[in-house]
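Open the model in your viewer and keep the selection panel at hand. The stops below go from the cavities to the sheet.

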Amino acid sequence: MPVLPTPTSLPPFLFRSGNFATIYPPLFRPTPATSPLSERIETPDGDFLDIDYHAVQEHPSKKLIIISHGLEGHARKKYILGMAKMANRNGYDAACWTQRGCSKDPNRMVRCYHSGLTEDLHTVVNHCIDRGNYREIVLIGFSMGGNQILKYLGEAPERVPSNVVKGIAFSVPCDLSATERAIAMPSRRIYFEYFMRGLRKKILTKAALFPNEVDPGPLKSIKTLRQFDGLYTAPVNGYSDAEDYYSHASCKQFLAKIRIPTLLVNAQDDPFLPKECYPTTEATANPNLWLEMPRHGGHVGFVQKNSDNIYWSEERAEIFLTQTAFTSEIGHR
């Protein structure tokens with residue numbers, strides 16, 4: 001499909017800064033009110049995943065949205081809860097899952113989540129199908145979670161259950177190596193430190209649990225995510241080094257094979273995303289992939305001010321869900 005025209009409407013003035021739009025929501029957005037039911041499920045390799053279910057209250061639903069969080073996130077981040085409420089408003093149950101290693105309890109294995117780990121998403125999808133007998137499932141992901149969804153849909157399309165009918169991804173680092181170089185820039189230092197705060201804690205926990213397999217010694221000398229991934233992420237997941245991990249885990253190479261209607265929204269002012277993360281060629285060539293690049297939104301930001309605490313990304317996902325014939329007329333930012 002052609003790349004969608006850039007929407008013309010603008011967010012409030014302050015949120016036309018990509019950095020401000022990125023930083024504001026986790027600090028100042030009111031937490032969307034929800035009452036999820038939690039469940040812990042087993043993975044085929046003996047680990048566990050935690051899932052929060054947000055069910056439609058008025059009647060049993062046969063439609064489900066599975067929502068995936070970003071790097072160092074979890075199922076109760078504000079942007080996840082906002083999307084879960086959007087799902088319920090439109091008659092969908094929501095399953096918000098926490099990636100292995102991101103729960104309150106440490107996961108059981110040395111390996112943890114990473115950007116290319118689609119097996120756990122597949123486990124969640126199949127568990128939800130068995131649990132709720134859902135006839136229609138939509139996958140929505142943010143940042144790293146969006147990369148996993150796009151990779152999952154394209155790397156082995158025949159594996160994706162037929163119940164999965166649409167995909168939606170926001171703020172996706174389609175090229176992980178290029179994204180890492182962007183975050184390594186001095187002007188992006190605040191984001192690097194934000195991620196490393198949680199990653200350091202995870203490695204210290206792993207070192208205590210697996211002292212013969214995880215060495216926390218190099219942590220203090222790490223200056224980039226590439227160094228972290230080279231020392232920890234890559235070796236425990238079977239990659240030779242960080243670049244090997246990035247090249248295999250990036251979703252960009254799999255976009256051509258996506259078979260179901262899928263929307264990718266990457267804001268042009270996203271401070272994480274370099275030009276390599278705006279896959280116009282891939283979107284133009286694949287009739288199932290739509291790419292929208294609003295001028296503003298930041299990274300997992302997309303702030304709009306209203307009394308209902310509804311963000312633009314939630315409205316955008318809602319429109320894509322409810323459109324049977326998807327056209328360029330639906331862009332509205």
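**Between the domains**

In this predicted model, domain 1 (13–175 + 254–322) and domain 2 (176–249) both contribute residues to the lining of the largest cavity, so the cavity lies between them. Select Leu-71, Leu-199, Asp-229, Thr-233 and Tyr-245: of the 31 lining residues, these lie nearest the centre. The space inside is about 520 Å³.

Next, colour α5 (176–183), α6 (189–209), α7 (225–236) and α8 (242–249), each of which supplies at least two lining residues. The largest share, six residues, comes from α7. By class, the lining of the largest cavity has 19 nonpolar, seven polar and five charged residues.

**The second cavity**

Now select Arg-29, Pro-32, Gly-82, Lys-85, Arg-89, Asp-308, Asn-309, Ile-310 and Glu-314, which line the second largest cavity. About 40 Å³ of space lies there. Helix α2 gives the largest share of this lining, three residues. Five of the lining residues are charged, two are polar and two are nonpolar.

**The sheet**

Show the strands: eight of them form an open sheet with mixed pairing, in the order β1-β2-β4-β3-β5-β6-β7-β8. From one strand to the next, the twist averages 20°.

Zoom in on β3 (residues 63–68) and β5 (residues 136–142), which run parallel and are joined by six bridges. Which residue in β5 is the bridge partner of Ile-66? Leu-139 is.

Note on methods. Residues numbered from 1 in each chain as written. Predicted model: local features only at pLDDT ≥ 70, side-chain atom pairs only at ≥ 80, totals over all residues. Heavy atoms only, no water. Pairing = 2+ DSSP bridges. Helix = DSSP H or I, 4+ residues; strand = E, 2+ residues; numbered from the N terminus. Axes fitted to C-alpha atoms, helices over the stretch in contact; angles between N-to-C directions. 1 Å grid on protein atoms, 1.4 Å probe; cavity = no way out; pocket = protein on both sides within 12 Å on 5 of 7 lines; lining within 4 Å. Points joined across faces, edges and corners; volume = space filled by probe spheres on them. Nonpolar A, V, L, I, M, F, W, Y, C, P; charged D, E, K, R; others polar. Domains from an automatic or database assignment.
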